[in-house]
Amino acid sequence: MTMTNENVLDKLQYLLGTLRDGQKGFEDAAEHATDPSLKSLFSERSAQRAQMAGEVEAHISRLGDKPREHGSVGAALHRTWLNVRDALTGRDDTAVVAEAERGEDVAVENYQDVLKAEGLPADVRSFVEGQYAKVKASHDQIRDMKHRMEA
């Protein structure tokens, strides 16, 4: 059974919050990273999340709702990105990358939660799967970078 339009919109709003938190977290990381390649990577990821958020907003609008202006999707992701911010104020790039990976862990989990939902319409599922692939690839790259930096 396909879920209601309202439930689909709730799932998309949830992902929109995830993307906005990631965009801001990566923006903060880019501003404070010392390594130019990290600054560049984090800036690219912030822009990627902004683009992805725009795609989700378009889906929300097509389904007849307004994208929520603000909103962390939950305390866990918000706290994670606050840890990124705090890491930026007194830790080295390795710690910043580790905190960014934690933020990506939560983003991956949030996408997996939506994809596990029963009755997600096929077009929305396909769209979310495409975005999930980007989030997962980003996560894996940052995780691998963290492991190399810690070695």
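Helices α4 and α5 are roughly antiparallel to each other, a term applied to angles over 145 degrees. Their axes come within 8 Å and cross at roughly 155 degrees, with α4 spanning residues 93-116 and α5 residues 122-150. Axes are lines fitted to C-alpha atoms over the stretch in contact, and angles run from 0 to 180 degrees between N-to-C directions. The crossing is left-handed, that is, the near helix is turned anticlockwise from the far one by less than a right angle. Residues of this contact divide into 14 nonpolar, five polar and ten charged.

The model is predicted: local features need pLDDT of at least 70, and side-chain atom pairs count only at pLDDT 80 or more, while totals for chains, interfaces and linings use all residues. Residues are numbered from 1 along each chain as its sequence is written, and side-chain values use heavy atoms, without hydrogens and water.

Helix α2 covers residues 36-62. Helices here are DSSP runs (H or I, at least four residues), numbered from the N terminus. The 27 residues of α2 reach 39 Å from first C-alpha to last, close to the 39 Å expected at 1.5 Å a residue. The expected span is 1.5 Å times one less than the number of residues. Buried residues of α2 include Leu 38, Phe 42, Arg 45, Met 52 and Ile 60; buried means under 20% relative accessible area. The buried residues of α2 pack against α1 (5-32), α4 and α5, with contact meaning heavy atoms within 4.5 Å.

Ala 47 also lies in α2. This residue is partly exposed, at 46% relative accessible area, a class between 20% and 50% (1.4 Å probe, protein chains only). Its C-alpha is separated by 8.8 Å from that of Phe 26, 21 residues apart along the chain. Gly 64 follows α2, with a positive phi near 95 degrees.

Conventions. Helices (H or I, at least four residues) and strands (E, at least two) are DSSP runs, numbered from the N terminus. Angles under 35 degrees count as roughly parallel, over 145 as roughly antiparallel, 65 to 115 as roughly perpendicular and the rest as oblique. Ala, Val, Leu, Ile, Met, Phe, Trp, Tyr, Cys and Pro count as nonpolar, Asp, Glu, Lys and Arg as charged, and the others, Gly among them, as polar.
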